[in-house]
Amino acid sequence: MEIVMAFVCGFLFMAAIYLILSRSLLRIIIGTGLLSHGAHLLILTMGSFKGSAPPVLSDGVTDYVDPLPQALILTAIVISFGVTAFFLVLAYRAYHELRTDDMTLMKGSEENE
Amino acid sequence: MNNFLLLPIIIPFFFAMILMFGQKKIAYQRITTLLGLVISIICAAGLVLNVYENGPQIVTFGNWPVPFGITMVSDMVAALLVLTTLVLTFFIVWYGFGSIGKEREQFFYYPGVMFIITGVNGAFTTGDIFNLFVFFEVLLMASYLLIVLGGEKAQLRESIKYILVNVISSALFVITVAYLYSVVGTLNMADISLRIAEINQPGILTVIAVLFLLVFGMKAAIFPIYFWLPSAYSAPPIPVLALFGALLTKVGVYAISRTYTLFFTHDLSFTHELLLILAVITIVAGCIGALAHFDVKQIIIYNIVIAVGVILFGVAQMNEVALEGAMFYLIHDMIIKAALFMLIGIVIYVTGTTNLRKMGGLIQTYPALCWFFLIAAFGLVGVPPLSGFIGKLLIIQGGFEAGNTWSSLLVLASSIIVLLSVMRIFIYAFWGEKGQLSENVQKSKYNRMFIPTVLLVILSIFYGIGTEWLTPFMGDAAKILIDPSIYTDAVMKGGE
């Protein structure tokens, strides 16, 4: 299972980096989304896949899943949704103001505009 | 168990929420913000005294036993940084009344400021590595708002890059925390420290240490990954820039010093050597940038990079003298950077330009501004008895004690470059022929910006003169950094 997850995470990171390096702003945002998905799957894998029952503990229960990675992922997902939403709105606004979504046209500073 | 230490986080958060209502009433916004900050400052000052008398204060949410619940720890390092953060924000907000502009004030500038200090104080106080990530995100989210607020073209262009860099570094942060969790099986920072000491830091933990350096270094702007900082910080207006320059990079510096003194202390010859080398290159890169530019904003922004290098150089020595110096220098740098940004904000306001070549002769029209800039510049460089002196002295002393003679001399030499870079502002803007002057300078607006700036510069003078009184506090902080067992004992005991 860990091997499969390693390939899935690796593929997500690969796709994310490919998209982030492209010129179009929208593709970059999709890339950041994939990047955070990869990171979340990695947390799940790092918690290891031991145990099968939900972590409701009482006497004699020894076989249960580690609940902590899921709590972490939940938090991280909420944060990444928030940031992605903000980023999308910002991209829309930037497209209106700057009249472009091409990152190569957004480089430079005030002096060498 | 002491809920008091949460107040400097909760009060700004609460005031940020009530500020969201009545967004068009400027008087309400200003008074409420100042009120919230004053109450938080009182609480933070009480917290510092409390920590000084009773040792680190611990809260574990929901009364869980310690390694399982989320812990908030306020030791001397955190308490001092929280107090400094709040005091600086008070002055910067006050300064903003004269310069931020009505439109921004009506569009959630003040709630943004309050949320950012919620995140900053939370990051300083938390004792749980995942919560550090959460508080980082809180302050980053608020900083995204503040950097783009106003929607000018340059702001939109730069904030896209700023957000992209931070999203990627946040993803790396989550990945690093996941790796750390899979190795040590806990998220509580004190518990991590104990478990790493048990297994004596195998190679995988050194890899994680370097990943942490990469993640926090991106926020703190250390050498290879400081590229985003100069352009991103030059986009927003001066009060926001002062807030960012004084606080945000320092959170990264704090996180590096915390993780490198608490967790990764068993392979010093690799991790701290790497930190040392990066710190020195950071100083060199910052010096080159500070000398290369003729834009006042850029010169001071590159001085942030230099200061980050100097503080981390102190952290990399790992002896008590250098860590005490790093604490002194960290707080000095927060104060003096805010003061300098506020001063150049006034210079930009009265001249109407950021280009040094167009300025000149301000000493004839604004003598007071000139002399306070000179004091702040000397404070930045570390001319005794001003505030930068003692920190740098201790850092260099620690460097010599640790046997890093050449790099210590280089840090010492960087002071001359810093002096040169700020003296260039002084010579070009204040001396010589009369240069460009803005036509519509209102005296009242100028005074409203000038008074908080002067008070902050005077505060920095007292920080330098009052070294004697501050030393016990800084010594406490350095003891906690050098000896993790004080921290871990306090946390592990606090939950029972």
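Modeller: Gly10(A) belongs to helix α1 of chain A, which covers residues 2-20. This is a predicted model, and in it Gly10(A) is partly exposed, with a relative accessible area of 36%. Its C-alpha atom lies 7.6 Å from that of Gly38(A), a residue 28 positions away along the chain.

In chain B, Ile10(B) sits in helix α1, residues 7-19. Ile10(B) is partly exposed as well, at 45% relative accessibility. Together with Phe13(B), Phe14(B) and Met17(B), Ile10(B) makes a nonpolar surface patch of about 370 Å².

Of its 22 residues, 22 are buried, so α13(B) is largely enclosed by the rest of the structure.

Asp295(B) is placed in the loop between α12 (268-292) and α13 (296-317) of chain B. At the start of α13(B), a side-chain oxygen of Asp295(B) comes within 2.9 Å of the backbone nitrogen of Lys297(B). The side chain of Asp295(B) also makes a polar contact of 3.1 Å with the side chain of Thr354(B). Asp295(B) is buried but has no salt bridge. The nearest side chain of opposite charge is that of Lys297(B), at 6.5 Å, and a salt bridge would require a side-chain nitrogen within 4 Å of a carboxyl oxygen. Just after α13(B), Met318(B) has a positive phi of about 55°.

Note on methods
Residues numbered from 1 in each chain as written. Chains lettered and ligands numbered in written order. Predicted model: local features only at pLDDT ≥ 70, side-chain atom pairs only at ≥ 80, totals over all residues. Heavy atoms only, no water. Helix = DSSP H or I, 4+ residues; strand = E, 2+ residues; numbered from the N terminus. Buried < 20%, exposed > 50% of the residue type's maximum accessible area, 1.4 Å probe, protein only. Lys, Arg positive; Asp, Glu negative; His and termini not counted. Polar contact = N/O pair within 3.5 Å; in protein donor to acceptor, adjacent residues only side chain to side chain. Patch = residues over 30% accessible without salt bridge, like charges linked within 9 Å, V, L, I, M, F, W, Y side chains within 5 Å. Areas by Shrake-Rupley, 256 points an atom, 1.4 Å probe, with all protein chains shown as cover.
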